[in-house]
Amino acid sequence: AYRVNLARGEGATSASAVLDSVSATTFRSAKYNIQVVDETSGNFELLEANVVHDGTSAYISEFANTGTTNNIITITADINSGNLRLIGQINNLNDHVVKVVRRVVKV
């Protein structure tokens, strides 16, 4: 488990960060538990995401969202420089703390 801080600068249109990255040649899929806390509003969300890839494209399924509100963060995945990446983008101007727990399955 680890923590990522996400913030959007004033006037910026988005704030995104790579939440996790693993070798796509070593791992075929990953399962994530993601906790997001909007520190300003006090809202929080817990969600799960399954990510799998075919070597070129990544596919993600997000589910089991629960908390004070949903859609605090938008989760996507991609393949970049041989790595499977989980990317988070916050949906407002507040600072967020994102905690991620990962389980992976080898190719």
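Of the contacts in the protein with a separation of 6 or more, 61% are between residues 24 or more positions apart. The model is a predicted one. Its secondary structure consists of 8 strands and 0 helices. The order along the sequence is accordingly written β-β-β-β-β-β-β-β. The protein has 107 residues, and 34% of them count as buried. The accessible surface amounts to about 5,800 Å². Carbon and sulfur atoms contribute 46% of that surface.

Leu47 belongs to strand β4, which spans residues 44-53. Its relative accessibility is 0%. Leu47 is therefore classed as buried, the limit being under 20%. Contacts of Leu47 beyond four places in sequence involve several parts of the chain. Among them are Tyr32, Asn33 and Ile34. Glu62, Phe63, Ala64 and Asn65 are also in contact with Leu47. Ile73 and Ile75 complete the list. For Asn65, the separation from Leu47 is 18 residues along the chain. The C-alpha atoms of Leu47 and Asn65 are 4.3 Å apart.

The relative accessible area of Ser41 is 40%. This value falls between the limits of 20% and 50%, so Ser41 is partly exposed. Two polar partners were identified for the side chain of Ser41. With the side chain of Asp38, Ser41 forms a polar contact of 3.2 Å. A polar atom of the Ser41 side chain also lies 3.1 Å from the backbone nitrogen of Asn43.

His96 lies in strand β8, which covers residues 96-106. The relative accessible area of His96 is 1%. Because buried means under 20%, His96 falls in the buried class. A polar atom of the His96 side chain is placed 2.8 Å from the backbone oxygen of Asn94. Ser41 and His96 are 55 residues apart in sequence. In space, the C-alpha to C-alpha distance between Ser41 and His96 is 9.8 Å.

Taken by residue, the accessibility values are 0% for Leu47, 1% for His96 and 40% for Ser41. Leu47 and His96 sit in strands, β4 for Leu47 and β8 for His96.

Notes:
Residues are numbered from 1 along each chain as its sequence is written. This is a predicted model: local features need pLDDT of at least 70, side-chain atom pairs count only at pLDDT 80 or more; totals for chains, interfaces and linings use all residues. Side-chain values use heavy atoms; hydrogens and water are left out. Helices (H or I, at least four residues) and strands (E, at least two) are DSSP runs, numbered from the N terminus. Buried means under 20% relative accessible area, exposed over 50%, partly exposed in between (1.4 Å probe, protein chains only). A polar contact is a pair of N or O atoms within 3.5 Å; within protein, one must be able to donate a hydrogen and the other to accept it, and residues adjacent in sequence count only if both atoms are side-chain atoms. Contact means heavy atoms within 4.5 Å. Accessible areas come from the Shrake-Rupley method with a 1.4 Å probe; for residues, only the protein chains shown count as cover.
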